[in-house]
Amino acid sequence: MSFLTDLQGAARQMVQPLRRVMVRWWLSQSPSRQDRFATLGPLISVLLFLTAIILAFWYLRNEEIERESEAVKRDSEIAQQQIRVRLNDNQEQLLRIAREIVTRAVDTQEFSAQAKAFARDRPEITHITWLSKHREARASVSGAGFQDESLMTTEGNDPSMPLANQSNPAELAFQAARERRQPSYSPPFADNIGTRVFQIHVPLIDRTGFAGVVIAEYSIEALLRYYVPSEVATRHVVAILDAGEQVVASTVTQMPGKRPKRALIQHEVPLAPAMNGLVLRGEGYRTSIGLISNTLFWMVVALSVLTVWMLLGTWKHMRRRLQIQNALSSETNFRRAMENSMLTGMRAMDMESRISYVNPAFCAMTGFSEAEMIGRKPPFPFWPPDRLEENARLLQQELQGRSPAGGVEVKILRKDGTTFDGRVYISPLVDSKGKQTGWMTSMTNITEAKRVRDQLSASHERFTTVLEGLDAAVSVLSVQQGELLFANRSYRLWFGADPAGHALLSGSQLGRSSGPDADEEVDDYSGLPAQALTEMGSDPREVFVESLEMWFDVRSRYLQWTDGRLAQMLIATDITTRRHAEAQAASQAEKAQMTSRLMTMGEMASSVAHELNQPLTAITNYCNGMVSRVRNDSIQKEDLLAALEKTAKQAQRAGQIIHRIRNFVKRSEPKREPAQAFDIVEDAVELAGIELRRRNVAIHTYIAQRLPTLMVDPILIEQVLMNLLKNAAEAIDNAGLPVSRRHIELRVVPKHTPELGGHIDFSVTDMGPGMPEEVISRMYEAFFSTKADGLGIGLGLCRSIVESHQGRIRAENLYNGETVVGCRFAFSIPVDISRVDPPVPTGSLGPTTGSPEGSAVNNKQATP
């Protein structure tokens, strides 16, 4: 007893110094560190709690799983070994029977006897069969030991029978035994009664080669039932699975209709020596959880009590500390937040201009620390040396209360020697009793703002200079008030400062009137979002100002003015010179068209004279004949009337020729009107026929029926056809071609293409020598001609006429192999193909043949 007392006293003496050291260390810590250490207690206890649970669970679970896994592995390998021994023994017996068959030592009866003896002691065997190399059953014995002729027959589609040209498991094993010359196991399959089985095929090899197989069929369920030790089956579930991981047989029968529960512990080994995809699996489960449950329960209770006790103590301590710190923190944090968050530099001075306070922003601006500025009197270290007198004067002015309301701009010197522009505001510093104790100064850095202001001023000056230097008139008018917000020099030069010029160019009356009915006016832009108007563009328009006799190209858009008002901006460019040039070009084009027609008729003058000579000669002959017969009283009244009628027809013919020529060369303004393609072609062919007959060139025309109406100038289109026909006739005549090639084809047909849409296509095809490629590429150039006396304006004028009607003209050579056999000129005129006119009248236009003496129009109709 005394020894125990002495031991307790010694322990107390050892613990006492340690306790004093711990108390002294705790008291030496700051309150914030004491709070931090006080919060570590609950955290450590919680961590210990979780760690203990995790470690205990992990250790016990791993120990149990490892123990159960070893047991499952051991039992699985035992079952595998038992089945392997049995299969190897059976294979040796089957090899012995096969050797006796090969050596002719046994026949079918002796084979049946040996097979019966073999199957009697082996319940896993369902039958033993001897097959020839042609898959014919020589003998077959069932597992019960009886001869069964219904086994292994080709009739009935027995899955156990290998069949040629099929891929059932029995056939695969048969082929493998034949090819490898060694025993082969088949994949598992269901026999004719649904039992899962597999076969071993032992090949029969004699002097001639492969002679057949001996087949032994195993029942997988019987193999598992008879050769898995009973002590293994009682401890664990042993199952055989196929290649698809489906259970084929098991030592435990599953409940029907229920999905088997997956075992937590599994071990799989192949079913040797079959190696046919079957796997032997052992399964185990955890069992012992009672001890772990009790242990965890008491551990959780103990650690929970410890955690609650430490949390309560910590909470009580933290609450006491928090009450003391809140009062101090609420006062200091507010002041510190104001000082540190302000971007404006703050400086306090007493009544003697001594600096008593600077905030962090002021220190950051000047680069001087708080210690370097507190207590300093003017001149201050942040005053530039060259501005000491000026800054002292400004300071005295501010202290006397004469500083401007907008503050004072001063130069501030940083500690590193650089300067910046600052704006300083000074106000009296009054304490809580209303007594002034000094001065409070606020300072902001305006260097960047001043630089931006200067840049904006320079940019505005440059922008104004550019606008004033433009030759175009630029004006901006307020939409609601009608006030002219901006006008450049060109606008003021043309329109002055009157907003009426803007309205005249825009073609509308913008702004509100100031008359008595102003309230009744409708605001066209009320309710419309300004963004939609400013994003909306405007197509350029040409405006003629009569007072200035000038043309302007006007472009407008809406924008928001600097004060947010909706305004319209106009840019009017003087295009008077361009309009005069365009008018002159149009006049020249009209003159060129007239000149071209006159040139055409000039070239055809001799042909026209010859054409008119025929009816005039006939009239003269008829008149002379009638005069002479009247004088001799040798003419009857009927003969006189017939002669007069013939004379009238010849005069009418001459008049028609002159009328057509007069209409063709008559000067008139281009005028588009509804016209029929048939009428245009008829007039062109009549005029061109004179030239064609002179050159002995025939023309064949084809005009499609029911063509739509054209909106064209008929004379201009007729001029294009005349030029093309005349050029084709000249090409044929100048080449001296034979009669078989002296003809021209004129076709008029409707077409529709994705590029041009609906149009009427006019084509002139000749059988002449064609044109060189370099001529085709340049034939539309002005004053380019291949004729010695040509002016080079014909085809260019044709192209201008066609393109003025939104059409296209094209030319191409015609080939027979690589030989040029003609040329085709074609042009298209857009038309609405849905509008169709009546058919062409029969007999009005047909093929025309010319000769040196001239001939009349052949009235044979050209039908499509």
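Author: Gladly. Keep in mind that the model is predicted.

Reader: Why is Glu-352 called partly exposed?

Author: Its relative accessibility is 48%.

Reader: What makes the contact of Arg-354 and Glu-352 a salt bridge?

Author: The N to O distance between their side chains is 3.1 Å. The cut-off is within 4 Å, so the pair qualifies. Arg-354 has 28% relative accessibility, and therefore counts as partly exposed too.

Reader: Which residue forms a salt bridge with Arg-565?

Author: Glu-483 does, with the closest N and O atoms 3.1 Å apart. Arg-565 sits in the loop between β19 and β20, and Glu-483 in the loop between β16 and β17, so the pair ties together parts 82 residues apart in sequence.

Reader: Why does Asp-761 with Lys-751 count as a salt bridge?

Author: Their closest N and O atoms are 3.9 Å apart. That is within 4 Å, so the pair counts. Asp-761 is in strand β25 and Lys-751 in strand β24, so the link joins parts 10 residues apart in sequence.

Reader: Is Asp-761 buried or exposed?

Author: Buried. Its relative accessible area is 4%, and the label needs under 20%. Lys-751, at 39%, is partly exposed.

Reader: How many salt bridges does the rule give?

Author: The count is 28. A network of salt bridges links Glu-268, Arg-281 and Glu-283.

Note on methods: Residues are numbered from 1 along each chain as its sequence is written. This is a predicted model: local features need pLDDT of at least 70, side-chain atom pairs count only at pLDDT 80 or more; totals for chains, interfaces and linings use all residues. Side-chain values use heavy atoms; hydrogens and water are left out. Buried means under 20% relative accessible area, exposed over 50%, partly exposed in between (1.4 Å probe, protein chains only). Helices (H or I, at least four residues) and strands (E, at least two) are DSSP runs, numbered from the N terminus.
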